[in-house]
Amino acid sequence: MTMMAISALASAGQGGLQAMAGFGQAREARRNAEFTGAINRERLRVLQSNADLSTRRGAFEAGKVRDQLEQVTGAQAGFFAAGNIDPTQGSPAFLAAQSAAQAELDVMAATARGMQGRADAFQQMANVQGQTADAWTGAKTAQNTARIGAGTAFLNTVSQWASLGMKAWGGGAGAAAAPAARTSSFGPGTGAGLMTYGSGGFY
């Protein structure tokens, strides 16, 4: 076996090993994407629960504020009635309005906290979904890279063996020598188309 053949075999083997390594990396990337997806699905479920809980907590706290305002308003009304004070004028009216305004601010704050908690959970969910998408993108890229690498290795091997075959069959040794020019009875080098006596035809 010639050195060129040995070199071609070694190159083919190296290309095959590289292709196998590439497909191995692609399989590992796919397993990682599947694992990441499974973990992140559970994380998304928990984050969705947190978002719903935050909304309910905000509504609950706002409801507590309204209940407290109702109790305060009732107590004030009882106090004014006991003192025979008109609650719609002067300080009693101002006090009631102040209590209602403060309660409304507290309701808005409680609702805002619930909405902020829900928004934070949704942001985390988006990050988790992005991690899953990145994992699958990496797996797809690894698979495409492995296929391209295997195709390149195959083409290189075919090219090397084709080149080796051409040289083995004399493709690189030059064309065969052209046949010598035929001569006629009238002298060498005159070409075909001349009739000779007794030949019955042309050269």
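This is a predicted model: local features need pLDDT of at least 70, side-chain atom pairs count only at pLDDT 80 or more; totals for chains, interfaces and linings use all residues.
Helices here are DSSP runs of H or I with at least four residues, and they are numbered from the N terminus. Under that rule, S54 lies in helix α1, residues 3-82.

Residues are numbered from 1 along each chain as its sequence is written, and side-chain values use heavy atoms, with hydrogens and water left out.

Let me begin with S54. Is this residue buried or exposed? I use buried for a relative accessible area under 20%, exposed for over 50%, and partly exposed for values in between, with a 1.4 Å probe and protein chains only. S54 has a relative accessible area of 7%, so it is buried. Contact means heavy atoms within 4.5 Å. Setting aside residues up to four places away in sequence, S54 touches R113, G114, G117 and R118. With R118 there is also a polar approach: the side chain of S54 reaches the backbone nitrogen of R118 at 3.4 Å.

I turn now to the nonpolar cores. By a nonpolar core I mean a set of buried Ala, Val, Leu, Ile, Met, Phe, Trp, Tyr and Cys residues joined through side-chain atoms within 4.5 Å. The largest has seven residues: A26, A29, A33, A135, A139, A142 and A146. Helices α1 and α2, the latter spanning 90-168, are the elements that give two or more residues to this core. Its largest share, four residues, comes from α2. Apart from this core lies another, of five residues, including V65, A103, V107 and A110.

A29 counts as buried because its relative accessibility is 17%. Beyond four places in sequence, A29 touches G138, A139 and A142. On the same exclusion, A139 is in contact with A29, R30 and A33. A29 and W136 are 107 residues apart in sequence, yet their C-alpha atoms are 8.0 Å apart in space.

Finally, the aromatic residues. How many aromatic pairs does a search of the whole structure find? The search finds one. Rings of Phe, Tyr and Trp (its six-membered ring) pair if their centres lie within 6.5 Å; planes under 30 degrees apart count as stacked, over 60 as edge-to-face, and the rest as tilted. The rings of F79 and F80 have centres 5.8 Å apart and planes at 65 degrees, so this pair is edge-to-face. F79 is exposed, at 56% relative accessible area, whereas F80 is buried, at 9%.

Terms used
A polar contact is a pair of N or O atoms within 3.5 Å; within protein, one must be able to donate a hydrogen and the other to accept it, and residues adjacent in sequence count only if both atoms are side-chain atoms.
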